[in-house]
Amino acid sequence: MFSAADHLHMSRALRLAERGLHTTMPNPRVGCVIVKDGAVAGEGWHARAGGPHAEVHALRQAGAQARGATVYVTLEPCSHHGRTPPCAEALVAAGVSRVVAAMRDPNPRVAGSGLALLRSKGINVADCLMETQARELNPGFISRMERGRPWLRSKIAASLDGRTALENGVSQWITGDEARHDVQRWRARSCAILTGVDTVLADDPQLTLRDIDIGRQPLRVVLDSHLRTPPTSRIMRGGNLLLVAALGDVAKADALRAAGAEVLSLPGADGRVDLPALLEELAKRDVNEVLVEAGAKVNGALQEAGLVDELLLYYAPTLLGDAARGMFALPLFTDMSQRVELDILGLDRVGQDIRIRARPR
């Protein structure tokens, strides 16, 4: 069905889409290539929400060459009026003869209607070329549209024996400079960073994006059931902070709001924060990807609730011993059938450390 040339041009469109990795949210990352008589006539990518979509950039570059051309786009062209006009209508107006989409748009407002519009105008349409690669570009957007919650990626720095902090809670620094800089790239592609109040109390982090200027800071979210976050802590600086509580304490909440935080109460049945409800709330706020940077309690609670989509594990060439703190606080397993099995996506060396990307099966 698809030729070698089709794969070549879609591969280029996927690489273009990656250029919006840090900046398109809450929109998806999309790339587009327009080919006429075997040569590239125009290309583009979506850079920022509210700005022109990938197809518009490519059409502008192609100009009159777009008539009769083939369009390769990593996501089904939109068919609805949002901040920008529908891309499907723009392709029709330009007179293209064929559109190849890597995947259909999971947004219910599109969901096949863009491709249907193109077909109704006599344009040859094909989809699902390199769909797996296209979905990997936008796990958060797809998750928000299909599951009503963001993609949750848990980052953990540990020793080779799986320890994240000394028994007294000291954890800075287990990994090296290169690994910590690598984490900044994952923060940059995330809409929100999630941590627990124990991490705030132990490390006093800011959890801000450093070294990479993308014109925004991710939302910082703290799980703080009893509102123990000190109003003077570093995470309170700069706003863009959501404290999520389980028990109402009007005086504490007012003090934290006065210090610049937003306070949200989402009580669960166990006296802790309702984690599924929190992810649903973040999805309503157009959060696509969440990076968890927390301790064993939060990581364990998220894993136990089945909310962890991906693990980003940094292992340092050091040993901390049995008394040091572990990676996940989980209930006692008494049978191997209870173990959490993972699929390894990648294993890379980052400076002196090892980074493993994995997903629960």
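Visitor: Which residues make the nonpolar surface patch of about 570 Å²?

Guide: Leu330, Phe333, Val340, Leu342, Ile344, Leu347 and Ile354 make it. To count, residues need over 30% relative accessible area and no salt bridge, with nonpolar side chains (Val, Leu, Ile, Met, Phe, Trp, Tyr) joined within 5 Å and like charges within 9 Å. A salt bridge is a side-chain nitrogen of Lys or Arg within 4 Å of a carboxyl oxygen of Asp or Glu. Areas are Shrake-Rupley with a 1.4 Å probe, and for residues only the protein chains shown count as cover. Keep in mind that this is a predicted model, where local features need pLDDT of at least 70, side-chain atom pairs need 80 or more, and totals for chains, interfaces and linings use all residues. Residues are numbered from 1 along each chain as its sequence is written, and side-chain values use heavy atoms, without hydrogens and water.

Visitor: Which strand gives the largest share of the patch?

Guide: Strand S13 (residues 342-350), with 3 residues. Strands are DSSP runs of E, at least two residues, and helices are runs of H or I, at least four, all numbered from the N terminus. Ile344 sits in S13 and counts as exposed because its relative accessibility is 54% (the cut-off is over 50%; buried is under 20%, partly exposed in between).

Visitor: Where does S13 stand in the sheet?

Guide: Sheet strands pair through backbone hydrogen bonds, parallel or antiparallel. Here 9 strands form an open, mixed sheet, ordered S10-S9-S8-S7-S11-S6-S12-S14-S13. S13 and S10 (262-265) are at the edges with a single partner each, so one side of each lacks a neighbour in the sheet. Pairing takes at least two DSSP bridges; S13 and S14 (residues 353-360) run antiparallel, joined by 8.

Notes. Buried < 20%, exposed > 50% of the residue type's maximum accessible area, 1.4 Å probe, protein only.
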